[in-house]
Amino acid sequence: MSIFLSNEIIVFLLIELILIVLMAISQMNIVSILRHWDFDATTPLQYALEKKNYLVNTILYFTLTCKVILFLFFIQSLNSLAGIVPGAMCSAGVVGANHYGNALLLLKLLLIFGFGLWLIVNKLDLASITFPYLKRKYLLFTLLFIGVLGEFVLELLYFSNIPLTVPVFCCTVVFQAPKLPFGYTQTLLVLFFYILFGAILLLNYLKQTMASFTCNLLFLFIAYYAITYFFGLYVYEMPNHKCPYCMLQKEYYYIGYFIWGSLFLGIFFGIIPFLIERITQKSYVYLLKYSSFFLTITALICSFYVVRYYLMTGVFL
C-alpha cells in the first residue's frame with residue numbers, strides 16, 4: 001500500500017497544487033507590476049497595472065485563506081494516518097516517521113505567520129490612496145511563494161518516505177524524558193512559563209513592541225516544552241504520557257486545538273506589531289491586546305487542568 005492512496009493525502013496535495021498554480025499566476029503578474037509601476041504616471045499601462053493589482057490581491061486573499069484552512073486539514077490528516085502507519089499511536093509517530101516531518105511542520109508554521117503578516121501589510125497598502133507599500137508587500141509575497149514551493153517539495157519527500165512496513169516510534173518513546181532543553185526541570189519550565197507570561201502582559205500593556213517581540217519568541221519556545229512535558233500530563237492524567245499531539249484527539253475533547261491555537265495566535269499578535277513597524281514605519285500596537293487575550297486563554301486552560309487534577313486527587317503529578 002502507498003501513502004498516496006490515502007484519500008486525505010490525495011485531496012490535500014491536489015488542493016496544494018491548485019493553490020500553487022494560482023500563486024504562480026499571481027507571481028507572474030506581480031513581476032510585471034513591480035517592473036512598470038509608477039503611481040504618478042497617467043498612462044494606459046499604469047491604469048491597467050492598478051486594475052491588475054486589485055485582481056492579484058483578490059486571488060491572493062483567496063489562496064492565503066485556503067492555506068490557513070489547509071494547515072488545519074494537514075494536522076487532521078496526520079491523525080488519520082496514525083491508523084495505517086505501523087507503531088504510530090498519534091500524529092507524533094507520523095510526523096517523526098522520517099526526518100522531513102518536523103522540518104515540514106516548522107515551515108508550515110512559519111509560512112502561516114508570514115501569510116498573516118502579508119495580509120496586514122496588504123490591508124494597510126490598500127487603505128492608502130497612493131499604495132505606499134506595494135513593492136514591499138509583493139517582495140514579501142515573493143519570499144512566501146518561494147517558501148510555498150519548498151513546502152510542496154518537502155511534502156512530496158515527506159509523504160513518499162513514510163514507511164508502511166517498518167514500525168515507527170510512538171509518542172511515549174519520542175517525547176520520553178530526559179529531553180528538556182538546557183537541563184531544565186519541570187519546575188523551572190513552569191516557573192519560566194508564568195514569569196514570561198506575566199512579562200508579556202506587562203510589555204503589551206506598556207506597548208513595548210520590540211521587547212514584546214523578543215519575549216513572545218522566547219515564550220513560544222518555553223511554552224512548547226512546558227505544555228508537552230508538564231501541562232500535558234494533567235490533560236492526559238498520566239505521569240508518563242508526554243505528547244503535544246494526543247490532546248488534539250477526540251478522547252481529550254480536542255482541547256489541544258484550543259491550547260495550541262490560542263498560543264500561536266497570542267504569539268502572532270505579539271510579534272506582528274514590531275514587524276509592521278519595521279516594514280511600514282507605522283505604529284500598529286493595538287494588536288498587542290489580542291496577544292494578551294489569547295495568551296491568557298492558553299495560560300488559563302493549562303492552569304485549569306493542573307488545578308482540577310489537584311482538587312480531584314490531592315496530589316501533583
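Student: Before we start, which runs count as helices here, and from where are they numbered?
Tutor: Helices are DSSP runs of H or I with at least four residues, and they are numbered from the N terminus. Please keep in mind that we are looking at a predicted model.

Student: Okay, so where is Glu151 found?
Tutor: Glu151 is found in helix 5, which covers residues 134-160.

Student: And is Glu151 buried or exposed?
Tutor: Glu151 counts as buried because its relative accessible area is 3%, and the cut-off for buried is under 20%.

Student: Which residues does Glu151 touch, then?
Tutor: Setting aside residues up to four places away in sequence, Glu151 touches Glu16, Lys67, Leu104, Leu107, Lys108 and Leu111.

Student: Let me step back to the whole protein: how many helices and strands are there?
Tutor: The protein has 10 helices and zero strands, and its C-alpha atoms fill a box of roughly 75 × 55 × 30 Å when taken along the principal axes.

Student: What share of the residues is buried?
Tutor: Of the 317 residues in the protein, 48% are buried. The accessible surface comes to about 15,700 Å², and 72% of that surface belongs to carbon and sulfur atoms.

Student: How about contacts, what share joins residues at least 24 apart?
Tutor: If you take the contacts between residues at least 6 apart in sequence, 74% of them join residues at least 24 apart.

Student: Which residues touch the most other members of the largest nonpolar core?
Tutor: That core has 103 residues, and the ones touching the most other members are Val94, Phe159, Phe219, Phe231 and Tyr245. Helix 8, residues 209-236, supplies the largest share of this core, with 15 residues.

Student: Picking one of those, what is Phe219 in contact with?
Tutor: Leaving out neighbours within four places in sequence, Phe219 is in contact with Phe193, Leu196, Phe197, Ile200, Leu263, Ile267 and Leu295.

Student: New topic: why should helix 10 span 38 Å?
Tutor: Helix 10 (residues 288-313) has 26 residues, and at 1.5 Å a residue it should therefore span 38 Å, which agrees with its end C-alpha atoms being 38 Å apart. The expected span uses one less than the number of residues. Helix 10 is followed by Gly314, whose phi is positive, near 80°.

Student: What is phi of Phe131, and what of Tyr253?
Tutor: Phi of Phe131 is near 50°, a positive value in a residue other than glycine, while phi of Tyr253 is near 60°, again positive in a residue other than glycine. Phe131 lies in the loop between helix 4 and helix 5, and Tyr253 lies in the loop between helix 8 and helix 9.

Student: Which of those two is buried and which is exposed?
Tutor: Phe131 counts as buried because its relative accessibility is 7%, whereas Tyr253 is exposed, because its relative accessible area is 70% and the cut-off for exposed is over 50%.

Conventions: Residues are numbered from 1 along each chain as its sequence is written. This is a predicted model: local features need pLDDT of at least 70, side-chain atom pairs count only at pLDDT 80 or more; totals for chains, interfaces and linings use all residues. Side-chain values use heavy atoms; hydrogens and water are left out. Helices (H or I, at least four residues) and strands (E, at least two) are DSSP runs, numbered from the N terminus. Buried means under 20% relative accessible area, exposed over 50%, partly exposed in between (1.4 Å probe, protein chains only). Contact means heavy atoms within 4.5 Å. Accessible areas come from the Shrake-Rupley method with a 1.4 Å probe; for residues, only the protein chains shown count as cover. A nonpolar core is a set of buried Ala, Val, Leu, Ile, Met, Phe, Trp, Tyr and Cys residues joined through side-chain atoms within 4.5 Å.
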